[in-house]
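Subject: Structure for you to look at

Hello,

I am passing on a structure that you have not worked with before. Please open it first, then read the notes below it.

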Amino acid sequence: MEKPNRNLNAPDIDTEATIILQDESKSGETDNLLASLPLKPQERYKFIRSIGFGGMKGVLLVHDRDTGRDVAMAIMPDFRDRPVRDLNRFVLEAQITAKLEHPNIVPVYDLGIDMSGSPFFIMKYLRGSTLAVVLKKLRAGDEETAKKFPQIRLIQMFVRVCNAVAFAHSMNICHFDLKPGNIHCGDFGEVQVIDWGLAGDIMTGENGQIKGTPGYMAPELISGSSSPGKAADIYALGAILYAILMLDSPLSGLPQAEILRRTVSGRIPLPSVEGTQLPLGLQAICQKAMALDPADRYSDAMELRSDINAVLSGYAPTAQQASAVRNFVLFLRRNIYRVIILILLLIAGFLAYQVWLLKR
């Protein structure tokens, strides 16, 4: 990483798009997974309204008549015009997400095709907003958002994201598109990783694809120098922590091609905001997680989480390689009240001794 040169008035994080650059020669079409999906009764899900559209799918709010609850339905409106690989990716997203049963990963309840042959899957309806929207409001100086999401809370939320990623990795699944826009912040403290549409096997990924979001994509995903693995998700986690500290994505405001070039060369400025002092431990964590060489990053999300928890508890993270003096200063901070009480007791003892001497 290089020294900071930041512009906090750069474009919004949530305007950054996921990109997939695919080598068509390596992406042959296979069997259509839709053929194995069950036909679902049309009357079970009642349409309420559209939630949003992006990529190859749309999301609707529907009412599940069987359970009496509102749920989110992911659909592929133009499925008839899509190649088989897109249809399969849609089905695989639902199957992968359904397999990842974790409190910090959005749950999938149902998967099938409707009477028209269109694929769909049902997810929990999430109330709240994405971390990208939260950071955008914080960057704009929204007081209500600042009161609801102080930096300490954002970092605690980040720890839960690390938990979700660690669980996915334990199931041999990488997300490959971790970013603030894919982290949902609920109204009652819920934190869930969403949009597993680019997720793939931890060892092999998908041949012939560069996938992810510029600024959060690991260098090896861009250069194609190695098979994608969990180190790519570790890099993205570091970039998310960077965004939490800076209220902005790494290299924001630059053209996409320049972002990709600087990422591959490792020219990422250290997180630093003029007029404020960011914790050195968190800077060190970002730097280690976003190391150019995957071997220099954290070995897994649990190790990264441990360093975050160390900072939250007043200790130096392993990434900081703190000196003895630094560790002593942190010891004093963690035990400041005990130190003050000890000093007062020593002063009181000294004064009592002086009084005793005067009375002799």
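The buried residues of helix α9 are A301, L304, D307, I308 and A310; buried means under 20% relative accessible area, exposed over 50%, and partly exposed in between, with a 1.4 Å probe and protein chains only. Helices are DSSP runs of H or I with at least four residues, strands are runs of E with at least two, and both are numbered from the N terminus. The model is predicted, so local features need pLDDT of at least 70 and side-chain atom pairs count only at pLDDT 80 or more, while totals for chains, interfaces and linings use all residues. Residues are numbered from 1 along each chain as its sequence is written, and side-chain values use heavy atoms, with hydrogens and water left out.

Which helices do the buried residues of α9 pack against? They pack against α4 (151-170), α6 (230-246) and α8 (280-289), where contact means heavy atoms within 4.5 Å. Helix α9 covers residues 301-312, and its 12 residues should span 16 Å at 1.5 Å a residue; the expected span is 1.5 Å times one less than the number of residues. The end C-alpha atoms are 16 Å apart, which agrees. At the start of α9, a side-chain oxygen of D300 comes within 3.1 Å of the backbone nitrogen of M302. Just after the helix, G314 has a positive phi of about 95°.

Leaving aside neighbours within four places in sequence, F158 is in contact with L237, I240, L241, I244, L304 and I308.

Next, the strands. Strand β4 (residues 69-75) holds V71, and 5 of the 7 residues of β4 are buried. V71 is buried, with a relative accessible area of 1%. Not counting residues up to four places away in sequence, V71 touches Y45, L60, L61, V62, D64, Y109, I122, M123 and Y125. Strand β3 (residues 57-64) pairs with β4 in the antiparallel sense over 7 bridges; two strands pair if DSSP finds at least two bridges between them. V71 is the bridge partner of V62. The hairpin of β3 and β4 has 4 residues between the strands, and G68 there takes a positive phi near 75°. Strand β6 (residues 119-124) is also antiparallel to β4, over 5 bridges, and M123 in β6 stands opposite A72.

E220 lies in helix α5 (residues 219-223) and counts as buried at 6% relative accessibility. The E220 side chain makes a polar contact of 2.8 Å with the side chain of R297. A polar contact is a pair of N or O atoms within 3.5 Å; within protein, one must be able to donate a hydrogen and the other to accept it, and residues adjacent in sequence count only if both atoms are side-chain atoms.

For the whole protein, there are 11 helices and 12 strands, and 46% of the 360 residues count as buried.

Regards
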